[in-house]
Amino acid sequence: MNDQDELAHRLTLLQGVEFSPADLEAIGHEIVDNLRVVAELEEFAKDTAWISHQAQPAGKRA
Amino acid sequence: MADATILENNLTDLSWLIAARKVSALEALEAVLGRVRALDDKLNAFITLCEDEARADAKRADQEIAAGNYRGPLHGIPVSIKDLFETAGVLTTGGSKIFKDWRPERDSALAEKLRAAGAVIFGKTNLDEFGHGGTSTLSHYGPVHNPWNLERIAGGSSGGSAAAVAARIGPLSYGTETGSSVRRPASYCGVVGFKPTFGIISRHGSFRGAWSQDHAGVFARTVKDIALALDPVAGYDARDPASVQQSAPAYAERLNENVKGLRVGVLRKFLDGVDPAVREAFLAALKVFTDAGCKIVDIDVPELSYAAMTSALTSSAESAGINRIWFRQHAHDYVPHVARGIAVGMAITASEYLTAQRARHRIREAVKAAYENLEIIAAPTTARVAPPLANGVQGNGDDSRHVSYNQSNLLRFPSMLGLPGCSLPIGLNPDGLPIGMQLIGASFADQTVLNAAAAFQSATDWHNRKPALVG
């Protein structure tokens with residue numbers, strides 16, 4: 001998916017809420033910036049365990 | 001006692017005066033309401049005043065105290081709360097047009113506990129809409145102005161609470177923090193702002209910003225006041241899934257200014273981009289800790305350079321989850337900047353949110369390891385003093401969403417990780433604007449944070465400075 005298609009796909013997630021062209025442009029910039037943030041965080045966190053929570057037996061610390 | 005004299009008393013002193021019946025709760029309330037009338041046209045710190053209800057509560061408090069039924073340090077004290085907290089029968093807007101006429105049937109847990117302690121809730125403070133912002137310029141009810149300079153922002157999102165305490169409109173106010181919404185406005189307004197460990201104060205009955213980062217917090221002029229204000233509102237509440245099982249709160253009783261041997265960590269790399277006046281004040285503050293027998297420890301936690309972007313992605317996605325139904329129905333009733341932010345959050349996918357949580361976990365583990373060798377992390381609360389109001393939401397120029405040693409990482413990691421944090425005044429810049437320092441502890445080291453902050457205040461008098469506006 002190219003960048004334009006990716007952005008168009010993301011904007012469908014707004015579920016029909018309409019914005020002015022200027023607002024849509026600002027929102028689009030933020031969405032693109034988030035894609036950059038996610039890519040950096042993926043690299044940063046790639047060796048980190050997936051988070052899950054388990055209750056511990058009585059008297060044992062989580 | 002003259003109104004101006006009553007208003008000069010901090011919580012500790014006013015509490016004593018009311019308990020000793022040297023000042024009545026009604027006198028204290030009328031003094032506060034008079035100050036609101038005199039200043040709030042300039043500050044815009046309040047959305048709603050509940051004068052009639054407060055007068056009835058004050059009279060009741062006076063009768064109870066006269067009858068020997070004193071409930072404790074908040075009994076008869078005029079208190080304000082951020083307009084995110086529900087108050088039965090009293091307008092609760094969240095700073096939004098959407099709730100401009102909403103009068104909840106129930107009290108929030110915070111309001112319940114304050115009433116049980118005998119506090120007199122007199123007003124609801126202004127904020128960024130639903131807590132989405134760091135400036136208090138994003139309210140449907142207009143921006144909050146900083147009492148130290150009316151052309152500056154108060155910081156947000158709890159700007160009304162911070163401005164009220166700075167302007168001596170009551171000795172304390174309660175707010176909330178999702179990213180930095182207690183510590184930042186406290187720093188900009190020259191007051192003490194404390195947010196405890198995640199789950200210490202129930203959030204039941206309050207609008208949510210981002211559920212995994214939302215905290216309730218408190219503003220006052222002294223750390224002792226903070227401890228007195230924290231005790232009655234802390235405690236387990238089954239209605240808040242994040243609430244923590246805890247023993248009876250006794251932060252005030254356990255306050256101890258002897259911090260000899262305390263290890264204070266300093267992240268030097270994050271000081272590079274800090275304004276020179278802020279940096280100078282911070283280094284002077286560290287000297288106060290050294291003189292008190294603390295050990296200053298230089299530390300480096302490189303993972304923290306990812307904190308602001310991780311926190312921002314997390315809160316953006318969660319706020320979209322919280323707002324999505326209202327947003328579909330009322331998108332154009334939101335403050336435009338907030339609406340755009342929620343739209344951006346709605347475009348974050350589940351897998352991207354989970355990536356942020358994985359990053360958050362890595363940062364948490366790194367910070368936990370750092371606390372094995374120290375008790376407190378100290379840093380300037382913000383890299384700069386309160387920015388001009390004219391700069392609007394762009395005013396908080398130290399906010400960053402890039403991997404960097406930017407100060408905004410240090411502002412955001414405590415809420416993201418649920419750690420206790422206190423901002424307290426440590427100086428004024430050449431323009432007379434307040435500078436703040438934040439002290440951050442490990443999870444549940446709330447008492448240690450308060451002790452360190454109290455030790456600093458016992459050796460300095462920055463907390464006694466006040467804006468020219470209040471004379």
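Reader: Which residue does Lys82(B) stand opposite in strand 3 of chain B?

Author: Lys82(B) stands opposite Thr125(B). Strands here are DSSP runs of E with at least two residues, helices are runs of H or I with at least four, and both are numbered from the N terminus. The model is predicted: local features need pLDDT of at least 70 and side-chain atom pairs count only at pLDDT 80 or more, whereas totals for chains, interfaces and linings use all residues. Residues are numbered from 1 along each chain as its sequence is written, with chains lettered from A and ligands numbered from 1 in the order in which they are written.

Reader: What makes strand 2 and strand 3 of chain B a pair?

Author: Two strands pair if DSSP finds at least two bridges between them. Strand 2 (residues 78–82) of chain B is joined to strand 3 by 5 bridges, and the two run parallel. Within strand 3, Gly123(B) is the bridge partner of Leu49(B).

Reader: Why is strand 3 of chain B called largely enclosed?

Author: A residue is buried if 20 or more other C-beta atoms, placed from the backbone, lie within 10 Å of its own; with 12 or fewer it is exposed, and in between it is partly exposed. In strand 3 of chain B, 6 of the 6 residues are buried, so the rest of the structure largely encloses the strand.

Reader: How do you know that the length of helix 4 of chain B agrees with its number of residues?

Author: The expected span of a helix is 1.5 Å times one less than its number of residues. For the 16 residues of helix 4 (residues 51–66) of chain B this should give 22 Å, and the end C-alpha atoms are 22 Å apart, so the two agree. Just after this helix, Gly68(B) takes a positive phi of about 90°.

Reader: Why is Val144(B) called buried?

Author: Val144(B) has 33 C-beta neighbours inside 10 Å, and therefore counts as buried. Its place is in the loop between strand 3 and strand 4 of chain B. The C-alpha atoms of Val144(B) and Asn44(B) are separated by 5.1 Å, although these residues are 100 places apart along the chain. Contact means C-beta atoms, placed from the backbone, within 7 Å; residues that Val144(B) touches include Leu43(B), Ser136(B), Ala154(B) and Ala163(B).

Reader: What is the omega of the peptide bond from Gly156(B) to Ser157(B)?

Author: Omega is near 10°, and the bond is cis. Ser157(B) is in the loop between strand 5 and helix 6 (159–166) of chain B.

Reader: How many residues does each chain bring to the contact of chain A with chain B, and what is the class make-up of the chain A side?

Author: The contact takes 23 residues from chain A and 23 residues from chain B. Helix 2 (residues 21–45) of chain A gives the largest share of the chain A side, 14 residues. By class, that side has 14 nonpolar, 3 polar and 6 charged residues. Here Ala, Val, Leu, Ile, Met, Phe, Trp, Tyr, Cys and Pro count as nonpolar, Asp, Glu, Lys and Arg as charged, and the others, Gly among them, as polar.

Note on methods:
Contact = placed C-beta atoms within 7 Å. Lists of a residue's contacts leave out its neighbours within four places in sequence.
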